[in-house]
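Reader: Please walk me through the model on display. Keep it brisk.

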Amino acid sequence: MINYDLSKITTIVFDVDGVLSTSTIPMSAEGEPMRTINIKDGYAIQLAVKSGLRLAIITGGKDVSTQKRYSKLGMTDIYMGCGVKLEVYRRYLAEHGLTDEEVIYVGDDIPDYEVMLEAGCPCCPKDACPDIKAISRYVSPYDGGMGCARDILEQVMRAKGQWLSSGKAFGW
């Protein structure tokens with residue numbers, strides 16, 4: 001269980017590679033990454049959006065498929081090609097009038113480190129690097145791309161009384 005007052009959470013920000021997709025990414029013949037997706041993560045993402053949670057992505061990746069996939073699930077705040085994630089994170093909070101205490105940030109590797117130090121509730125998948133695990137309030141029992149996002153979203157939504165609480169839960 002996440003050791004945090006989840007009733008305060010309004011926003012969950014995700015990294016992509018190693019969090020929403022597995023850490024091993026096949027490459028196309030053209031050298032483009034072909035990221036994996038987890039259907040259960042996808043279900044929880046679209047339900048969280050329908051339930052009013054603010055979800056965002058901050059990633060160093062630049063591929064169009066990531067933008068398309070998560071936009072189809074209802075996410076509108078998708079920041080691609082972010083070399084320094086902390087700048088984007090701070091700007092995002094300022095633009096939306098958010099405080100760090102309202103935010104879960106889910107990361108898995110060193111590019112996420114600075115943001116995770118600022119976010120109210122830093123979380124990571126089971127296969128995150130040791131430095132990220134050391135600063136996380138919660139380490140999911142699931143690897144990145146293997147249900148980690150679902151685990152975290154479900155806990156937040158249950159704490160807020162939003163999991164399976166309406167007809168929205170039973171469809172895409």
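Author: E4 (residues 103-106) and E5 (residues 121-124) are parallel partners joined by three bridges. Strands are DSSP runs of E, at least two residues, numbered from the N terminus as helices are (H or I, at least four). Two strands pair if DSSP finds at least two bridges between them. The model is predicted: local features need pLDDT of at least 70, side-chain atom pairs count only at pLDDT 80 or more, and totals for chains, interfaces and linings use all residues. Residues are numbered from 1 along each chain as its sequence is written, and side-chain values use heavy atoms, without hydrogens and water.

Reader: Which residue in E5 stands opposite Val106?

Author: E4 and E5 run in the parallel sense. The residue of E5 facing Val106 is Cys123.

Reader: Which strands stand at the edges of the sheet?

Author: The open sheet has six strands in the order E3-E2-E1-E4-E5-E6. Each edge strand has a single partner, so one side is left without a neighbour in the sheet. They are E3 (77-79) and E6 (138-139).

Reader: What angle does the direction of H3 make with that of E2?

Author: H3 (residues 85-96) packs on the sheet, touching E1, E2, E3 and E4. Contact means heavy atoms within 4.5 Å. Axes are lines fitted to C-alpha atoms, for helices over the stretch in contact, with angles from 0 to 180 degrees between N-to-C directions. For H3 and E2 the angle is about 155°.

Reader: Which residues of H3 are exposed on its other side?

Author: Buried means under 20% relative accessible area, exposed over 50%, partly exposed in between (1.4 Å probe, protein chains only). Lys85, Leu86, Val88, Tyr89, Tyr92 and Leu93 of H3 are buried. Exposed on the other side are Glu87, Ala94 and Glu95.
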